[in-house]
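Here is a quick tour of a protein chain, written to be read with the model open beside it. Have a look at the structure first, then follow along.

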Amino acid sequence: MERTIPQARTESMQPRLEPMLDLEWSQAIELPRTVASATRPSDIRRAWVHRAPEDLVVALYRASSGMHGEIPAPWWLRAVVEGRLESRELGFRIEDRIAGLLGRRPGWEFVPWAADGESGYWEFMPSERGASGHSIPTTVLNTSRHDGWIDVLPAHSSPTPAPIAVGGFAGLRSRLGEFEAVR
């Protein structure tokens, strides 16, 4: 029985590997396992989208979203790509100002495990299962939906109410008493 020795591969026969944008984007927004113990947004800024040069982050986001439309991404990245927020750094400062305000107030807790790519959100725990009986607490989250960058979901049971658009950090600070009154 005669054995045939396989022909050596030539360059033209090599498998052609192309980057898979879905996988690349998924890895770009992936957070480390340690985020569960985060107490503020800056604690979870460990993904590639937080550390890589901003122009590369924007380019990969555009390439990835161009193929599939809306993809998971931080609110600030969507706003930067739309040309409505100057930079990722400004987005981080907005998150940090909210953390500085809510982190000092009793009853507010940071929830780091938001949707893929998102920056976490804040919950007002006294509004959950209090006298009002709501099962979902008042929630403060960042958004690219409007240029105030902050939405509040009032405490509720179901269905989820429409978010309240808050006029930036000053608007949040001035309305905190109203949002905290629901217990």
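## Asp 151 and its partner

Let's start with Asp 151: at 4% relative accessibility, it counts as buried. Keep in mind that this is a predicted model. The side chain of Asp 151 meets that of Arg 145 in a salt bridge, with N and O 2.9 Å apart. Arg 145, for its part, is partly exposed, at 49% relative accessibility.

How many salt bridges does the structure hold? The count is 10. One of them pairs Glu 95 with Arg 45, and here the closest N and O atoms are 2.9 Å apart. Glu 95 sits in helix 5 (residues 88–102), while Arg 45 belongs to the loop between helix 1 (21–29) and helix 2 (48–51), so this contact ties together parts that are 50 residues apart in sequence. Both Glu 95 and Arg 45 are buried. Asp 96 joins in as well: Arg 45, Glu 95 and Asp 96 form a network of salt bridges.

Then there's Arg 78 with Glu 70, a salt bridge at 3.9 Å from N to O.

Strand 1 (residues 108–111) and strand 2 (residues 121–124) run antiparallel and are joined by 4 bridges.

Over in helix 1, Trp 25, Ala 28 and Ile 29 are buried. They span an arc of only 85 degrees around the axis, so they end up on the same side of helix 1. As for the background, an α-helix has 3.6 residues a turn, so residues three or four places apart point the same way.

Most residues other than glycine have a negative phi, and most peptide bonds are trans. Trp 149 isn't a glycine, yet its phi is positive, at about 65 degrees. You'll find Trp 149 in the loop between strand 3 and strand 4, and it is buried, with a relative accessible area of 8%.

The other one to check is the peptide bond between Ser 158 and Pro 159, which is cis, with omega at about -10 degrees. Pro 159 lies in the loop between strand 4 (150–153) and strand 5 (164–166).

The largest pocket has a volume of about 220 Å³. It is lined by 14 residues, and those closest to its centre are Ile 29, Glu 30, Leu 31, Asp 116 and Gly 117. Sorted by class, its lining has 9 nonpolar, 2 polar and 3 charged residues.

The second largest pocket holds about 180 Å³ of space. Of its 13 lining residues, Ala 114, Glu 118, Tyr 121, Leu 141 and Asn 142 are the closest to the centre. Helix 4 (75–81) and strand 3 are the elements that give two or more residues to this lining, with the largest share, 3 residues, coming from strand 3. By class, the lining of the second largest pocket comes to 5 nonpolar, 6 polar and 2 charged residues.

Methods: Residues numbered from 1 in each chain as written. Predicted model: local features only at pLDDT ≥ 70, side-chain atom pairs only at ≥ 80, totals over all residues. Heavy atoms only, no water. Salt bridge = Lys/Arg side-chain N within 4 Å of Asp/Glu carboxyl O. Buried < 20%, exposed > 50% of the residue type's maximum accessible area, 1.4 Å probe, protein only. Pairing = 2+ DSSP bridges. Arc of directions from axis to C-beta. 1 Å grid on protein atoms, 1.4 Å probe; cavity = no way out; pocket = protein on both sides within 12 Å on 5 of 7 lines; lining within 4 Å. Points joined across faces, edges and corners; volume = space filled by probe spheres on them. Nonpolar A, V, L, I, M, F, W, Y, C, P; charged D, E, K, R; others polar.
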